[in-house]
Amino acid sequence: MTSKFSATLSIDQNGTILCSDCEKQLCSREEIWKNYAIVSEQPMERTCGSTYTVSKDVLLRQFYCPECGSLLDSEIALSGDPFLNDTVRG
Amino acid sequence: MDPITFSIIRHRLFRIVDEAVITLKHVSGSAITNEGHDLMVSLYRADGSLLMGGVGFLHHLTSAAEACKSIIRNFSGNINEGDIFLLNCPYTAALHTSDIYLIAPIHHNGVLVAWSACFVHVYDIGAMNPGGFSPDSNDIFTEGFSSPGLKLVDKGEIRKDIMNTILNMVRSPEMVALDMSSMIACNNVAKDRMQSLIDKYTPKVVDKACSLLISQSEKLFKERLAELPDGCWHSRQYFDVKGQTFKVLLKMSKEGEKIVFDFSGSSAQSQYGINCSRWASWGGLFAPLFPLLCYDITWNEGVIRPVKMIAPEGSVVNATRPAPVSIATVGAIQAVNNAACVCISKMLSASDKYSKEATAVWHGSHFAIFMFGKNQRGTQSIGILTETFGGAAGARAIGDGVDVGGEVPNPISRMANVETMEATFPIRYLFRRRLKDSGGPGLHRGGTGAEFAITPHDAPDGGINYVISGKGTEYPMSDGLGGGYPGAPSNYLWVKTNEALESGVPLVAYPNSIEQIPGKKEKISWGVFPLVGLDSLYVGWNGGGGYGDPLSRDCDSVARDVKNGVVSNVIAEKVYGVVVDNGKVIHKETNFLRKKLKRERLEMGKINDI
């Protein structure tokens, strides 16, 4: 039995955050799940094509499930920006 | 109270606002009001609290409440039947000087029972730059006429000394006079219909119904908040002005029946007019809150009570006088809109019951381009290119965003036909269409923005000028949700065909893309520019954010997008992992490509490598 943590993540009865696609356990809800995801940072234009011609400093930061590779979250960031860490207390 | 009577009065209040909006539009002659729907009408209680929020730009609903309260404080003992007050000071309650509030007390048998308030973006307000958005202004003093409150109509009589003084300070006074007339008429209709309602049901019954309506909204909103999960959600908006970068940071905390929006960490206020005042940020966060959390709850004071805001003084979201704010509505306020939309949608996404209501950001960055100069009839024209109200819908949890599908803060916005704009200004459109690859990729694609180019046509002075206060060119502002990509940023180009022709480049008679227009293409975003001779202005506006993983998008939907010209083959393959040929999915290659892209994801990054 799980409930939603975000659009792409679930949380089970023990408070463990899971990938909603493959149910890979990432961490407990007290921890920052993004620290347990695969992270990629790439310049926006390289990722999205010529309509995304923006400052070279602008990065598309993406978080993937380390098990199935599903895209779990995306952020626009400058290099060194902290992760946007959301918490759900239920 | 009898529930049927309560329901009838509630619906009558809706209709009063609707009828007042219709009046406003019928009397106003400007495209920004009639086509762009840059307007708002709402009803307020006798103490100035919001009673019935109307449609139009929703960030005005709470600001106009503050305007009513300010008038009540400052005109105590001098508020009479038939009066109408004007207020447009951003440091009192308004959003920027060109959005003028006209506020009318509503009396019944001599007793103040309610207020109606409305705004339109007037043709001009006498700022340094025509049209109200004033990129050359570095303080409030150069942003045009600004009043913390004055009596424009005294017991039913327009004060000509006041009106003439205002009209003496603005460009196109005849159009500003029409704007003012439209708002006076709007308030008169609201007052008349409200008085009829009270005549029919008695002051006591209507007052009771209004009080109940606010209590009902508060109760329903608190119940909804209690149903949603507790937690903290974050968002971050960047925007650029003349090489400088500003950010709006938001931490939204929800616990039980309370919700707090904390903008600590946002940039210090700017020397440019992208700042906004505290009341503007307050209104800005409600613009997505009303439709996303209260779509079935009456928008009034009851919704406002459980909400708190922290906005650091001296920041772009709570600027201190005399910081310039003329571009607030498309600057910091819009960033506040976007950030609040993201946080609210993340909270909705964490709810099993409400996750389907979540949405990526719609139309994250307005482009406010005001044309000004002599038109084809030999008179002066000032006005906005209304395409900015066309917008682009963000993808939602339940489906794609609508192409050129508007924006969250203004549910009734739209853009004018090409012919309307060509009749208003001495210009010709070379093309106007949806912009390929502008919708943020995702399981559900963000709606596309669009692109167009204009060139002078039949211009007595050989052309026209324009004011542009664009941002969102260096940073996408339509954030995606649930992994969805952001919508593409905006792009503004001055195409210098005059120079090209002088150096022998052949003219293209009917160019239908930016690539076909000859001439150097100079990126612009801020200031005043000429559009003369054969030069062109090209605008590509931002798309809506995407929702979810683009590798999970239905392959046939990607093929349809490619066939319809809104997604390129390059992005179909690179981002969606779908190979399309002649409008059809090549399944074998698609399966191979999607597996390869998933594998690359697992290989490309490492946990905690940043």
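These entries go from the ground rules to the interface, and then to sheets and a helix.

**Ground rules.** I am working with a predicted model, where local features need pLDDT of at least 70, side-chain atom pairs count only at pLDDT 80 or more, and totals for chains, interfaces and linings use all residues. Residues are numbered from 1 along each chain as its sequence is written, chains are lettered from A and ligands numbered from 1 in the order in which they are written, and side-chain values use heavy atoms, with hydrogens and water left out.

**The interface.** I began with contacts, meaning heavy atoms within 4.5 Å. On chain B, 53 residues are in contact with 52 residues of chain A. Next I looked up the buried area, which is the accessible area (1.4 Å probe) that two parts lose on being put together, summed over both. For chain B and chain A this comes to about 4,100 Å². Carbon and sulfur atoms give 56% of that area.

A:Arg89 and B:Glu255 form a salt bridge through their side chains, at 3.6 Å from N to O.

**Who supplies the chain B side.** Helices (H or I, at least four residues) and strands (E, at least two) are DSSP runs, numbered from the N terminus. In chain B, β8 (231–241), β9 (244–255), α9 (332–349), α13 (569–574) and α14 (587–604) each supply at least two residues of the side that touches chain A. The largest share, 7 residues, comes from β8(B).

**A pairing between chains.** Strands pair if DSSP finds at least two bridges between them. Strand β8 of chain A (residues 87–88) is joined to β8(B) by 2 bridges, and the two run antiparallel. I located one partner pair: A:Thr87 bridges to B:Cys232 in β8(B).

**The three-stranded sheet.** Chain A has an open sheet of 3 strands in the order β5-β6-β7, with antiparallel pairing. Its edge strands are β5 (38–43) and β7 (71–78), each pairing on one side only. Strand β6 (residues 58–64) pairs with β7(A) over 7 bridges, and A:Leu59 has A:Ala77 as its bridge partner in β7(A). Which chain B helix lies across β5, β6 and β7 of chain A? I found α14(B) there, running at about 100° to β5(A); axes are lines fitted to C-alpha atoms, for helices over the stretch in contact, and angles run from 0 to 180 degrees between N-to-C directions.

**The four-stranded sheet.** Another open sheet of chain A has 4 antiparallel strands in the order β1-β2-β3-β4. Its edges are β1 (2–4) and β4 (25–28). β1(A) joins strand β2 (residues 9–12) through 3 bridges, and A:Lys4 stands opposite A:Ser10 in β2(A).

The structure holds 37 salt bridges over all chains. One I checked is B:Asp18 with B:Arg15, their closest N and O atoms 3.0 Å apart. These two are separated by about one helical turn because they sit 3 residues apart in helix α1 (residues 3–27) of chain B.

Note on methods. A salt bridge is a side-chain nitrogen of Lys or Arg within 4 Å of a carboxyl oxygen of Asp or Glu.
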